[in-house]
Each structure stands twice: as C-alpha cells, then as structure tokens.
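Colleague: I have not looked at this one before. Can you walk me through it?

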Amino acid sequence: LVLLLMTMSGCFFEEPVLVNERLLKYTDKEVINESNAYTIQEDSIPLYRNEEDESVSYVDIEEFVAFLGEGLLNYNVFKEDTLLLDFRQVIPSEMVDLIGTDIAIYEIEFDHEENTIYTSDLDIFTRLNLVHSISTNEFVELSDIQSNDVNPEVTIDLDDYNFDILYENNHYYLPMYLANLFLTGASFNLYETDDAIILFDYGTETEQVQEHYTSSSLTLDDVKDATNNYLALYFDYFYGLKEEKEIDSFTMYLETFELDEQNTFIDHYEAISDFVFSLDDLHSRIIDTGFLLPEYTPKENFLLGSKVNTYSIAYQNSQCSVFPEAFDYQEIEEGTHLFKIPEFTFDTGSQFGDYVSLIENGDDIIIDLTCNTGGSLQGVVELLLYLSDDPIPVRNNNSKTNSLVEEFYVNDEE
C-alpha cells in the first residue's frame, strides 16, 4: 500500500444552524468527483460542527452512507442502543457452493456509550465496494476457496485515540475523516479542503486532487492532535505492519518522533517522514501532504541501506531508464518469445492473451521482469493462468485477526 497522507482538516462557516445541543449544521459542502469508476447522485454532503471543537467537520453516519449510495454494498440500518449497519453482498450463483451461502453479511456497529466501533469481520472495511472474484474477465474462474477457522471480529476503542462518536437526538456522528476511513471501502476516498470535498479513487492522478487546493486559515494546532491520533489508529488496524514490526502500539511508537512537539507544518511533516522511514517498508511513502502546505515536497527514504535505497541502486544498475515503459513483445528468434513487462496492470492478462495464438507447443517463452515495479494482483493472476494448467492460489492473510483465506483460480477458456 502507498500511504497517502493528508493532514486532517476542518473548516469554518458563518451562520451555522443549531440542530441539537452540541452540534451545528454549518454547510452542505460541494463534492467534486475526480474518480474514474464512481458516479454520485448528490453534489454535496451535509457537514456538522461540534461546539467544543470548531476545527473538525462531522457527518451524520446515515446521511454519509446514503450519499455513497451505489458505491457501497447493499445495507440495512438498525438503531436501538447502538447504530448497526448490516451490509449484504449477494454471492454470484456460480460461487454459492464454494462459499456456502448466497448472501454474505457483514456488520459494523457504532456504540456511542462505549465509544467503540465493532465489526463482525475487520476485512469488511476493504470489502464495502469490492466483488468476490479477483478479476471480472470471463476466462478467470474461481475454482475453490479455503479458510482457517478464526474469529475475525474486532472492536476498536476510540478512547485509545481520543476520538468520539457523537450522539444527539437518535443520530450518530463521526468526524469526516473517520467516516472516510471506516465507510468508503478500499476503492475510493473523500478528502475535505476548505472549499470542497474531493472524491477520488486509485485511478485518479495526484495532480487532479491538488488542483482543488486553496489557501486555508487553519493552523497546525487545529489539526495536529487529530493527525497524530489518526496515524496511530490507521497503522494499528489497517496497515499490516504492526505485527510484522512487532510494535505493541503505534500510539506509543509515534511518541518517539515527538510529533506533539512540532510547531510548524514543515517540522510536523518532517517528523512524520522520519516515522515512515523508520518502518523501512518499500510500499510506504508520503506522496502528498494535503492542501495546508501544498508547496511542500515529501522526502524519499534514500538512507544508505534502506529498502528504497537498495531498490534505487538495483533500478539504476539494471538500466531501467531504457527499459520499455509499456508492455512489449518481440519474437527474438523463431520459437522464442520475449515479453518485457515493466508493471502489472489490469490489462496485463489481456495484453499477453493477444499474443497467445503466436505461441506453439514447445516454444520458449521469456518474461523479463527486470524493471517491473509491481502493480495489480489481477494482472499477475491472469498472466499466470495463461502459463499453467494448475490452479493459481491467492492468499489473503489479515495479520490483525490471523484470518486466512486462500482462493484458487483457473483459466476457463478451452
């Protein structure tokens, strides 16, 4: 995963409307859609402000999921002493026997009295808008699913991170940035600036979001605590490095970088960079720091001996600057086929499939991954399905719950 770090934000608006004792509705904020895959029915989201902290924007949880609409699985709302969202995923008929049910049900429960968020399966936070199969291409068939018998339930105590679920008049409210974390799934995000909320997904270029940045009157003191606490929550439950790095609590781990002691945005960003560098993870980097200091360019971890430094040296030594930038095929001699693949994309499988008819039994196939930077798991699986008659296994392991699911895919083409 790439860490897209945008400092938590809130905004100030005049003439708020009192909706209950503590919360003020202060705007219907415009939503700008920069995503490639999602459409939205409404062009604004109602935002609220807590009188005790005017720098944080809140959303009504029910209004928020209603706004997301078809971007999420179908769901039901149950309210008694808590707010329960019951998400239901219809299983394709060809997968019912494998999965053992025709509907998968996931629950997310918000308890304002205990200030906790319960989920029946921690993985639901990435499944809210994903299909069961790794690929939508017709030739990819899910042939088997195996899993271990582990309880995937998790309860997150927001008191550990100084966040609150607010409850007024039978309505439940979360800070906008927490609603984005818990309720938008893995496919898209919502980011609030002073003037608008930007909807983006994995196909959105960073520049598309940045063009909506405007100046802000917010100070570091307005957002520092929320940013630090959000980092701890995110890395404790959603990033997968806690167990690998044997870190008991990211709240305590972050204290060693003195984020609370910083007095300027630049110093705060530098301290966060030091934290990210300490993890020495090739997939963890800051790619943008948000609208509060758009001119700041995040540092790269080129410290001697780091994984990024090692990767950079290998990239240069392999002369990757002259490697094809896109999928490339050559028949270098009769019966020998060379494929150079600089990255795996959603199109890698179909690109390889375009040349399958040129390959005869007994031919040699060379797949050059010298300068491959990784990418889409779908592309990897589809490529392997052209190269093997054996089922291709894909293992999903959640290090937080120790749940393990292994899916096996086969090529359904004759």
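Modeller: One definition before the charges: Lys and Arg count as positive and Asp and Glu as negative, while His and the chain ends are left out. Keep in mind that this is a predicted model.

Colleague: Fine. How many positive and negative charges does the chain have, and how far apart are their mean positions?

Modeller: The chain has 16 positive and 86 negative charges. Their mean positions lie 6 Å apart.

Colleague: Next, the fold. How many helices and strands are there?

Modeller: The chain holds 11 helices and 19 strands. Its radius of gyration is 24 Å, close to the 22 Å that the globule rule gives for 414 residues, so the chain is as compact as a globular protein of that length.

Colleague: And what does the C-alpha trace span along its principal axes?

Modeller: About 80 × 50 × 40 Å.

Colleague: What share of the residues is buried?

Modeller: Of the 414 residues, 48% count as buried.

Colleague: What about contacts between residues 24 or more positions apart?

Modeller: Such pairs make up 65% of the contacts in the chain with a separation of 6 or more.

Colleague: Let's pick a helix. What should α6 span, and what does it span in the model?

Modeller: Helix α6 covers residues 220-237. At 1.5 Å a residue, its 18 residues should span 26 Å, and the end C-alpha atoms are 25 Å apart, which agrees.

Colleague: Why call α6 largely enclosed?

Modeller: Because 15 of its 18 residues are buried, α6 is largely enclosed by the rest of the structure.

Colleague: Now single residues. Where is Ser273, and is Ser273 buried or exposed?

Modeller: Ser273 sits in helix α8, residues 265-279. Its relative accessibility is 1%, and the cut-off for buried is under 20%, so Ser273 counts as buried.

Colleague: Which residues does Ser273 touch, leaving out those up to four places away in sequence?

Modeller: Ile286, Tyr296 and Lys299.

Colleague: Last topic, backbone angles. What is phi at Asn115?

Modeller: Asn115 has a positive phi of about 55 degrees, although it is not a glycine. Most residues other than glycine have a negative phi. Asn115 lies in the loop between β7 (103-111) and β8 (116-119), and at 5% relative accessibility Asn115 is buried.

Colleague: What about phi of Gln319, and where is Gln319 found?

Modeller: Phi of Gln319 is near 55 degrees, again a positive value in a residue other than glycine. Gln319 is in the loop between α9 and β15 (328-333). Gln319 counts as exposed, at 56% relative accessibility, whereas Asn115 is buried.

How values were computed
Residues numbered from 1 in each chain as written. Predicted model: local features only at pLDDT ≥ 70, side-chain atom pairs only at ≥ 80, totals over all residues. Heavy atoms only, no water. Helix = DSSP H or I, 4+ residues; strand = E, 2+ residues; numbered from the N terminus. Rg over C-alpha atoms; globule rule 2.2 N^0.38 Å. Buried < 20%, exposed > 50% of the residue type's maximum accessible area, 1.4 Å probe, protein only. Contact = heavy atoms within 4.5 Å. Charge placed at Lys NZ, Arg CZ, Asp CG, Glu CD. Expected span 1.5 Å × (residues − 1).
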